[in-house]
Each structure stands twice: as structure tokens, then as C-alpha cells.
Amino acid sequence: MMWRSLAFKWTMTLVITSLLGVILVGIFAYRTTSSAYDQLRSDQARALFMENVTTYYETNQTWAGLEGWLRTGSAADAPQDRFRFPDQYALADQNNTIVVGHGPFRVGETIDAFILANGTPLLIDGVRVGTVLEAQPPPALDPRERQYITATTQALLIGAVGAGATALVIGLLLSRQFLRPLSELTRAITAMHSGDLDQKVEIRTKDELGILARTFNEMSSNLYRANQLRKQMTADIAHDLRTPLTVIGGYVEALRDGTLKPTPERFQAMSEEVNLLKRLVEDLRTLSLADAGELRLLCAATPPRELLERIAEAFQPAASAAAVRLQVSVSADLPHVWVDSERMVQVLGNLVTNALRHTPEGGSVTLTAAPQGDKVALKVTDTGSGIASDDLPKIFDRFYRADPSRTSDGDESGLGLAIARSIVEAHKGTITADSALGHGTTMTILLPS
């Protein structure tokens, strides 16, 4: 519904804010103008009263007869201003006695010092000769004065209305610019909710809305890629499970029907398929634990040389059978690394297995350990066929194979490098690959020392 939209709420906020601003300006303008004008009248009346009585005292050197002079003085010497008889002021002489009385002040009355403190002293040559006291509020405004106040307030109010209307129009125009990215984000999120995860919104600014749009685009891209990987992984898992299950099912059906005779070789073939299923399930379990942050590590300070020599000893027979030279090179005085030895042997074993698989006869696989900054670098370098540059960024993805037509064989489940990366990252380390077709491959593990 329209009244629920952000644009409607934003518009109503601007309208209400503008109206409140106009009302507050009108009230403030009226009160301020009236108060300032009353103060002006009072200041003028006080100034005229003080001027008149000071002139009288300077002329007569006494206050005697002042009140009568103020009321009935002759046209020649009496005050001629419109404030000739300002009833709002009284006058006390230098002895604190009222000589001009109005309001609560009576002629002849002596005034306390604290009341005089609120009055205005009359000074002649620096000597106080009297004190002017406010006896009552200013008189009511006459029609001309009321008209002036009304006109001034109306002018201020019209200005406030014009400013509010201008601000409202500008706000409405700018709100379209502000709300447009939010509208685009809303449409994109709605599309994602409907299943279309590949969404992008245009980044128009570098402020918070721009950051929000950029973050959304990254999130959408990651979700889309993760969804694609999930679909591919599901298909690969189904394929890798189907192959051994088909083999086992075929053997079982043939043995049950008597088509095949039970022999040790056939049972061995089924056992190998079962072991392949077990390895695949265990690999999936390892990845699941790593994703959940629950991969258990039993870490201890371990010499890098011990890890590499253990791997070299385990794979030496396989390297000899493949006519590949397997060697170890470790820098002197290398610090220990804080690792789970069994898990790290699993990672290195996977890397060496891949290296031996892709290195031709007469080639070499070298295991090295050396310092790199404040970390230790473990490297597995081969002189094999290498990896294409297009495939290199994807080799750590689950079930990724450079040759999609190649099915898993032997111990390969398509999860080895993904597991290796998960285990290394669980150790707060990183694993990277550097390779080129025909120039071999170097896998580098960086571990904190």
C-alpha cells in the first residue's frame, strides 16, 4: 500500500516538518516582535522621562515642583514629546524619597535600598541625584502600533511559509535521488527471494548508500557463485557415489544370480569400491567440520624438517616406482611451527600425491621449508605438466577438475585440495599455487611460526 512505502513516509515527514517549522517560526516571530517592540517603547519612555527630569533638575537644582511641571507645565518649558506623561515611571530623590509617584509608589514615601537597586540612577557630573523606578507595565498598543506588529509578523510568517515550501520542494526532488538506490535494492532483493541470485545494482555515490550497494553486489555475487558451486558439488557427489555403487551393485547382482563366480579378485574389486566410498564420505565430513569451524586440531610446536622428512619417507617408494626423484631441502635454524602434525601430513601428502601423478618419468618433486617474513613457507615443487592459467584460480574449489570429462580414479575424490585449504586455514595459514603449462607447479603453504 502507498502509505506504507518509504517514499510516502519520507514525503509526510518533510510536510510535517515544514508545517511545524512554519508554526514555530510564526509563534516565535510574533512573541519576539511584540516583546522587542514593548521593550523599545519602554526604553524610549524611560529615556524621555530621564531626559525631562534631568533637564528640570539642572535648571532648578531641586526636585520641588517637578510633578506639577510634568503634568501642567507651560507650553514653553514643559515636555513636548508624546511621552509627556509616562505614568509607568516614578522618581526617588537622592534621599530615596519619592518625588514623582505612580502605581505603588506614593509621593513622600521612602524606598528601601533593594527596591532602588532595580531602578535606573540619574547622574549629574557623576553624582546620583535621583533614581527612576518602573511603576507599571507599558500602556496597551494603539491601533497604529498593533498594525505595525501585525504587518511585521505577517511578513515573517510569509517568509517562513515560502522557505518551508522551498525546502519541501527541494526535499522532494532530492528524496528521489536518495530513495532510488533503496528502490533498486528492494527490487533486487525481491528477485533474489524469487530465486534469481545473480543481481546487481548501480553504484552512484560513495556515501553510505554507495557502500550498501557495493556490499549488496558482493553478497549477490558470492551467493550466486556459492549456489552454482553447490549445484556442481551436488552433481559431482552424485556422480562419484554412483560409479562405485554401480560397480558394487553389478557385482552383487551377478553373484546373486550366479552369472559370476565368487573369486578373491572380485571381492577385492568390491572392497576397493567400498574404500573409495569411505574416503569420499570422510572427505565430505572433514569439509563439513571445517566449514562449521569444528575441525579438531591437536597443535604442538613441530620442526618443519620433521614434517617434510616424514612425507618424503612415506612417498619414496611411490616416487621410485614412477621414476621421479623426491628430495627435501630445509633452511638451517628454521623456527618450529604450531600445527597438528597429522592434519598437516594429510595436507602435504595430498600435495605430493598430485605432484607425483602429474610428473613424468625422470622428473623431480622437491619439498622445501624456508622463512618468509614472520612465517614459515612449506613448498611442494614439481616439474610436471603444470596448470593452465584459467584453471589455476579454481583448483581449490570442491570437485573442480581441469578436465571436466575426467572422472575420479584411484584415491582422487576431487576434494583433496579443498580439504588442504580448509586445514591450512584452520591453522591460520594460507595455501597458494603458482604454475604454468609445461613448467611445473609450486604449492606454497604459509604458516605462522
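Which residue in S11 is the bridge partner of threonine 430? Leucine 446 is that partner. The model discussed here is predicted. Its five-stranded open sheet has the order S6-S8-S9-S11-S10. Strand S11, residues 441-448, is largely enclosed by the rest of the structure, because seven of its eight residues are buried.

**Strand S11 and its partners**

- Strand S9 covers residues 375-382 and pairs with S11 in the antiparallel sense. Eight bridges hold that pairing.
- Lysine 375 has proline 448 in S11 as its bridge partner.
- Strand S10 spans residues 430-435 and also pairs with S11 in the antiparallel sense, over six bridges.
- S10 and S11 form a hairpin, with five residues between the strands. In the turn, glycine 438 has a positive phi of about 80°.

- S6 (325-330) and S10 are the edge strands, and each pairs on one side only.
- On average, neighbouring strands of the sheet are turned by 15° against each other, direction ignored.
- S6 and strand S8 (residues 364-372) run parallel and are joined by six bridges.
- Leucine 326 stands opposite valine 365 in S8.

**Helices on the sheet**

- Helix H7, residues 304-321, packs on the sheet and touches S6, S8 and S9. The direction of H7 makes about 175° with that of S6.
- Helix H9, residues 416-426, lies across S10 and S11. The angle between H9 and S10 is about 135°.

**Helix H6**

- Helix H6 runs from residue 264 to 291, which is 28 residues. At 1.5 Å a residue it should span 40 Å, and its end C-alpha atoms are 40 Å apart, so the two values agree.
- Buried residues of H6 include the leucines Leu276, Leu277, Leu280 and Leu287. Glu273, Asp283 and Thr286 are buried too, as are Ala269 and Met270.
- Helix H5 (208-257), helix H8 (341-357) and H9 are among the elements that cover these buried residues.
- Just after H6 comes glycine 293, with a positive phi of about 70°.

- Strand S1 covers residues 89-93. Five of its five residues are buried, so S1 is largely enclosed by the rest of the structure.
- Both faces of S1 are covered. Tyr89, Leu91 and Asp93 lie on one side, and Ala90 and Ala92 on the other.
- S1 pairs with strand S4 (residues 127-134) in the antiparallel sense, over five bridges. Here leucine 91 stands opposite valine 132.
- Strand S2 (residues 98-100) also runs antiparallel to S1, and two bridges join them. In S2, valine 100 is the bridge partner of leucine 91.
- The hairpin of S1 and S2 has four residues between the strands. Asparagine 96 in this hairpin takes a positive phi near 70°.

**Aromatic pairs**

- The structure holds three aromatic pairs.
- One of them joins tyrosine 57 and tryptophan 63, with ring centres 4.6 Å apart. Their planes meet at 40°, so the pair is tilted.
- Tyrosine 57 and tryptophan 63 are both buried.

How values were computed: Residues numbered from 1 in each chain as written. Predicted model: local features only at pLDDT ≥ 70, side-chain atom pairs only at ≥ 80, totals over all residues. Heavy atoms only, no water. Buried < 20%, exposed > 50% of the residue type's maximum accessible area, 1.4 Å probe, protein only. Pairing = 2+ DSSP bridges. Axes fitted to C-alpha atoms, helices over the stretch in contact; angles between N-to-C directions. Contact = heavy atoms within 4.5 Å. Expected span 1.5 Å × (residues − 1). Phe/Tyr/Trp six-rings, centres within 6.5 Å; stacked < 30°, edge-to-face > 60°.
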